[in-house]
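Please read these notes with the model open beside you. They take up a few points in turn.

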Amino acid sequence: MTVKEAVEKTDELYPNVFSFSQKVFLLEQLDGKVFYEFLRNYEGSPEEFSGDYIYHTDKTLLIPRPYEDIYIKYLVMQFDILGSDITRYQNTSALFNKEYLDFICAYNRSHVIKSAKINVSGVCI
C-alpha cells in the first residue's frame with residue numbers, strides 16, 4: 001500500500017476533517033516507529049528509514065499485505081484521540097494493537113533476526 005492509497009482508503013471509509021499532509025505525517029510517524037523499534041533488527045529489512053512521505057506519496061509503506069490495514073486503523077485511532085473521543089479511541093486502539101501484534105508475530109516467525117549486539121558496561125560486543 002502506498003502513502004496515497006492509505007490516505008484515500010481512510011478518507012473513503014472514515015470521513016474526517018484532517019488534511020492530507022497531517023495524515024501523511026501520521027503515516028510517516030508510524031513507519032518510523034515500525035522501522036526503528038522493530039524492522040531494523042531483522043535481516044532483509046531496509047537499511048535505513050528515509051521518511052519524506054509528503055514529497056513521495058507513491059512510496060510503498062513498510063507493512064505489507066495482509067497487514068496493511070494497520071495504517072487505516074492507526075489513522076482512525078489518531079483521529080479519535082485528537083478529537084478527544086476517548087471511548088472510540090479505546091476501541092480503535094484495541095483493534096490497532098491486535099493487528100499490529102499479529103503483524104509482529106508473523107514477521108518474527110518468517111524472518112531471521114540480525115546478530116544481537118550485547119551492551120556490556122557501555123561497550124557493544
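Which side chains meet in a salt bridge at 3.6 Å, N to O?

1. The side chains of Lys9 and Asp69 do. A salt bridge here is a side-chain nitrogen of Lys or Arg within 4 Å of a carboxyl oxygen of Asp or Glu. Lys9 belongs to helix 1 and Asp69 to helix 3, 60 residues apart, and the pair links distant parts of the chain. Helices are DSSP runs (H or I, at least four residues), numbered from the N terminus.

2. On provenance: this is a predicted model, in which local features need pLDDT of at least 70 and side-chain atom pairs count only at pLDDT 80 or more, while totals for chains, interfaces and linings use all residues. Residues are numbered from 1 along each chain as its sequence is written, and side-chain values use heavy atoms, with hydrogens and water left out.

3. The whole structure holds seven salt bridges. One of them joins the side chains of Asp11 and Lys23 at 2.5 Å, N to O. Asp11 sits in helix 1 and Lys23 in helix 2, so this pair ties together parts twelve residues apart in sequence. Lys23 counts as buried because its relative accessibility is 3%, where buried means under 20% relative accessible area, exposed over 50%, and partly exposed in between (1.4 Å probe, protein chains only). Asp11, at 29%, is partly exposed.

4. Arg65 and Glu68 form another salt bridge, with the closest N and O atoms 3.1 Å apart. Arg65 is exposed at 67%, whereas Glu68 is buried at 9%.

5. The largest nonpolar core has 30 residues, and Tyr100 and Phe103 touch the most other members. Such a core is a set of buried Ala, Val, Leu, Ile, Met, Phe, Trp, Tyr and Cys residues joined through side-chain atoms within 4.5 Å. Helix 1, helix 2, helix 3 and helix 4 each give two or more residues to this core, and helix 3 provides the largest share, eight residues.

6. Helix 4 (86-110) has 25 residues and reaches 36 Å from its first C-alpha to its last, close to the 36 Å expected at 1.5 Å a residue; the expected span is 1.5 Å times one less than the number of residues. Its buried residues include Phe96, Tyr100, Phe103 and Tyr107. Helix 2 and helix 3 are among what covers the buried residues of helix 4. Leaving aside residues up to four places away in sequence, Tyr100 touches Val34, Phe38, Ile63 and Ile70, contact being heavy atoms within 4.5 Å.
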